[in-house]
Amino acid sequence: MSADHPPGLDLDRLRGHLDRARPGLLGGGPLTARLIEGGRSNLTYAVTDGAARWVVRRPPLGHVLATAHDMRREHRVISALHPTAVPVPRPVLLCEDESVIGAPFYVMEFVEGTPYRTAEQLAPLGPERTRATVLGLVDALVDLHAVDPEAVGLADFGRPEGFLDRQLRRWGKQLAASRGRELPGIDELHAALGRTLPASPAPAVVHGDYRLDNVLIDSTSGTDRIAAVLDWEMSTLGDPLTDLGLLVMYSVRLEVPDSPVSTTAGAPGHPDPAELVERYAARSGRDVSAVSWYTAFAWFKLAVILEGIHYRYTQGQTVGPGFDRIGELVPLFIEHGLTTLQEG
């Protein structure tokens with residue numbers, strides 16, 4: 001890869017399209033780009049003309065499924081949320097013409113900030129700043145769930161009716177597709193979740209993968225504020241407490257040395273799960289009495305995801321550091337799910 005020819009992004013064709021669609025957006029300097037994130041997820045590039053910066057998102061290379069909907073969906077949700085209290089990058093344009101760079105894509109503003117993915121990265125902030133940062137993550141989630149979907153044009157963004165039941169069936173099918181070994185307790189967990197399905201509150205815009213490493217923290221003003229919530233690939237209309245359950249799950253210390261699944265929970269000052277739930281309940285006014293179900297569901301979902309990665313690893317389809325240890329984490333996630341659900 002070079003700045004002139006990053007994989008999946010023809011800068012000459014991108015410039016031509018931007019000059020036609022948004023005259024005056026670009027300066028006179030040549031475009032250069034670097035790949036920020038890649039892999040099976042959507043590709044993210046930082047693009048600059050030497051004076052200003054933007055971010056381009058496109059589907060993975062070699063992706064053969066219908067992808068215009070994915071790009072349209074991400075662009076649609078950040079466009080709807082940008083005027084609200086939810087911090088998202090300003091959208092610039094959506095292009096569904098695959099002849100430009102070989103796939104649909106969208107452009108948004110570049111937001112300065114730091115993603116914190118591990119406890120080691122978060123620790124230098126110190127206990128007080130760490131605690132404030134994570135509580136700010138809860139506050140931003142409350143702001144997201146307070147958005148009226150109809151008021152921002154997202155009334156048809158998903159099918160909230162039967163949302164939890166569909167989610168449970170979907171992840172059960174994912175599990176069946178990647179079964180290559182015995183996993184004691186996982187069928188028991190899946191069945192128990194189905195028997196105790198809670199009644200969902202009023203639907204809200206759900207992020208779907210809400211955690212600290214999917215936001216950018218800006219510390220330049222002297223405070224650690226959330227500058228942008230990113231990665232809206234899994235967003236939809238649904239049960240908002242699924243976001244809370246996932247956030248709670250990621251706030252539990254795994255106590256696994258050198259775990260290939262990173263969390264920030266071990267950083268000094270990181271609030272414990274109970275404080276996060278209390279903060280969310282107090283600021284949102286929602287009934288969170290069933291939060292154990294949502295947290296157990298998050299453990300189940302992550303167990304299925306990890307088992308899928310492990311299965312692909314055993315088939316020789318996934319290579320790289322850490323993949324050989326993913327499989328050993330799955331029983332731990334199952335155990336946490338069962339314990340969470342049983343203790344209620």
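## Conventions

Two strands pair if DSSP finds at least two bridges between them. Helices (H or I, at least four residues) and strands (E, at least two) are DSSP runs, numbered from the N terminus. The structure is a predicted model, in which local features need pLDDT of at least 70 and side-chain atom pairs count only at pLDDT 80 or more, while totals for chains, interfaces and linings use all residues. Residues are numbered from 1 along each chain as its sequence is written, and side-chain values use heavy atoms, with hydrogens and water left out.

Five strands form an open antiparallel sheet in the order 1-2-3-5-4. Strand 1 (32-37) and strand 4 (91-95) are the edge strands, each pairing on one side only. From one strand to the next, the twist averages 25 degrees.

Strand 1 and strand 2 pair in the antiparallel sense over five bridges, and Arg34 has Ala46 of strand 2 as its bridge partner. Strand 2 and strand 3 are joined in the antiparallel sense over six bridges, with Ala46 opposite Val55 in strand 3. The hairpin of strand 2 and strand 3 has four residues between the strands, and in this hairpin Gly50 takes a positive phi near 95 degrees. Strand 3 (residues 53-58) also pairs with strand 5 (residues 105-109), in the antiparallel sense and over four bridges; the bridge partner of Arg57 in strand 5 is Tyr106.

Six of the six residues of strand 2 are buried (under 20% relative accessible area, with a 1.4 Å probe and protein chains only). In a regular strand the side chains alternate between the two faces of the sheet. Both faces of strand 2 are covered, with Leu43, Tyr45 and Val47 buried on one side and Thr44, Ala46 and Thr48 buried on the other.

Helix 1 (residues 11-21) lies across strand 1, strand 2 (43-48), strand 3, strand 4 and strand 5, and runs at about 110 degrees to strand 4. Axes are lines fitted to C-alpha atoms, for helices over the stretch in contact (heavy atoms within 4.5 Å), and angles run from 0 to 180 degrees between N-to-C directions.

## Helix 7 and helix 8

Helix 7 (residues 241-249) packs against helix 8 (residues 273-284) at an angle of about 155 degrees, with the axes 9 Å apart. The two helices are therefore roughly antiparallel (angles over 145 degrees). The contact involves Leu241, Leu244, Leu247 and Val248 of helix 7 together with Pro273, Leu276, Val277 and Tyr280 of helix 8. By class, this contact has eight nonpolar, no polar and no charged residues; Ala, Val, Leu, Ile, Met, Phe, Trp, Tyr, Cys and Pro count as nonpolar, Asp, Glu, Lys and Arg as charged, and the others, Gly among them, as polar.

## Helix 9, helix 10 and Gly337

The axes of helix 9 (residues 291-314) and helix 10 come within 8 Å and cross at roughly 160 degrees, which makes helix 9 roughly antiparallel to helix 10. Among the residues in contact are Trp293, Ala296 and Trp299 of helix 9 and Phe333, Gly337 and Leu341 of helix 10. By class, the contact of helix 9 with helix 10 has 15 nonpolar, seven polar and two charged residues.

Gly337 is located in helix 10 (residues 323-343) and counts as buried because its relative accessibility is 0%. Leaving aside its neighbours within four places in sequence, Gly337 is in contact with Leu189, Ala296 and Trp299. The C-alpha atoms of Gly337 and Tyr294 are separated by 9.8 Å, and the two residues are 43 residues apart along the chain.

How values were computed:
Angles under 35 degrees count as roughly parallel, over 145 as roughly antiparallel, 65 to 115 as roughly perpendicular and the rest as oblique. Buried means under 20% relative accessible area, exposed over 50%, partly exposed in between (1.4 Å probe, protein chains only).
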